[in-house]
Amino acid sequence: MVIREEVYKFFADYIYKITGMVYVPSEYYRLDSRINELVQIFSLKSVEDLYEMYVKEITPDMKAVLVNISTNNETYFFRDVKPFTLLSRVVLPEILTNFPNEEIKMWSAACSSGQEAYSMLISIRNTTDDANFERCRVDGSDVSIKALDKAKLGVYNGLEIQRGLPAPMIIKYFRQLDPDSWAIDDSLKFKTNFFEFNLLTGFYPQEKYHIIFCRNILIYQDNENKGKILNSIYNALKKDGILVLGAGESLVGIVAPFQQIQFDGYTVYKKDSKG
Ligand SMILES: C[S@@+](CC[C@H](N)C(=O)[O-])C[C@H]1O[C@@H](n2cnc3c(N)ncnc32)[C@H](O)[C@@H]1O
């Protein structure tokens, strides 16, 4: 089906408005499969029917479906490995010491289907004693309800758990439900809380989190939105709290008042005590 420029532009503009993800005209072809999927989902005959339906009115359901199919939810357990090693061996021990007797609140701020939040907990469980593990909690949020539903369920197929998890960890932290589905252990699941949150438009809590992982979402944003998200995250961190970005992400081109700290060749970002 040939898609008119006006139709591409309508969906590209709407996706940008809601998620901040940029589709420039030379990338409109990346919307093809997504627009055609919407036609199928709503059992319509053509892209033009879909366009007409969206132009007329966008109901909350139509908005949610569009967000679900237009976001890139690619993720896997222990993605890039190093951030999780740093978390459990360097960042968390420092936070535990700096905030004695406090519940330690962490946030996987674009958690997709939950693998990042569960990887944080697995790495911590592997290296932290029972008393300190008890103190840890991980919130997970995303703009995609479909991804969040999976995160909340905590059930993954064989391919998904083998992406990043060695066999001993699968045995230790997952329960096999049937030949191709594995559920995360309740002792980790009970430490999570997943909720819908749009990093661009949501009302951020103030000084709530000790550690925030915000990985592989800023690469899809323009500099203005990146700055907006990073400044809001700064406010959501406690003083001396730590932000961890994705491997290909940095503060280059952004004005955000973080102090950069290098650990073993990986940069993390600290909210200065004077901040
Ligand atoms: C590529 S995934 C990254 C998942 C995980 N952080 C990782 O690194 O493996 C990016 C996630 O960001 C979410 N996302 C995109 N725009 C968002 C927004 N404005 N607010 C919150 N989440 C958003 C997408 O739904 C998607 O699940």
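Val155 stands opposite Ala183 in strand S5. The model is predicted. On its own residues, S5 (residues 181–184) shows two faces. Trp182 and Ile184 make up the covered face. Ser181 and Ala183 make up the uncovered one.

S5 has another partner in strand S4 (residues 174–178). Four bridges join S4 and S5, again in the antiparallel sense. Asp178 stands opposite Ser181 in S5. Two residues lie between S4 and S5, and the two strands form a hairpin.

Now turn to the seven-stranded sheet. The sheet is open, with mixed pairing, and its order is S6-S2-S1-S7-S8-S10-S9. Strand S6 (192–196) and S9 are the edge strands, each pairing on one side only. On average, neighbouring strands are turned by 25° against each other, direction ignored. Strands of a sheet pair through backbone hydrogen bonds, either parallel or antiparallel. Within this sheet, strand S1 (residues 104–108) and strand S7 (residues 209–214) run parallel, joined by three bridges. Ser108 has Phe213 as its bridge partner in S7.

A helix covers part of this region. H8 lies across strand S2 (136–142) and S6. Its direction is about 165° to that of S6. Helix H8 (145–153) also meets helix H4, being one of the elements against which the buried residues of H4 pack. The others are helix H1 (5–19) and helix H2 (32–41). Which residues of H4 (residues 60–70) are buried? They are Leu66, Val67, Asn68 and Ser70.

The protein chain is divided into domain 1 (5–70) and domain 2 (82–271). Their centres, taken over C-alpha atoms, are separated by 30 Å. Domain 1 gives seven residues to the contact, and domain 2 gives nine residues. On the side of domain 1 that touches domain 2, H4 gives the most, with three residues. By class, that side of domain 1 has four nonpolar, three polar and no charged residues.

The ligand also involves both domains. Its shell draws at least three residues from each of domain 1 (5–70) and domain 2 (82–271). In total, 23 residues surround the ligand. The closest are Thr71, Thr75, Ala110, Ser112 and Asn216. What is the class make-up of the shell around the ligand? Eleven residues are polar, seven nonpolar and five charged.

One last stop is Ala256. Ala256 sits in the loop between strand S8 (237–245) and strand S9 (258–263). S9 is one of the edge strands named above. Is Ala256 buried, exposed or partly exposed? Ala256 is partly exposed, because 16 other C-beta atoms lie within 10 Å, whereas a buried residue needs 20 or more and an exposed one 12 or fewer. Beyond its neighbours within four places in sequence, Ala256 is in contact with Gly227, Leu230, Asn231, Tyr234 and Leu251. Ile233 is 23 residues from Ala256 in sequence. In space, Ala256 and Ile233 are 9.7 Å apart, C-alpha to C-alpha.

Key. Residues numbered from 1 in each chain as written. Predicted model: local features only at pLDDT ≥ 70, side-chain atom pairs only at ≥ 80, totals over all residues. Contact = placed C-beta atoms within 7 Å. Near = placed C-beta within 6 Å. Nonpolar A, V, L, I, M, F, W, Y, C, P; charged D, E, K, R; others polar. Domains from an automatic or database assignment. Pairing = 2+ DSSP bridges. Axes fitted to C-alpha atoms, helices over the stretch in contact; angles between N-to-C directions.
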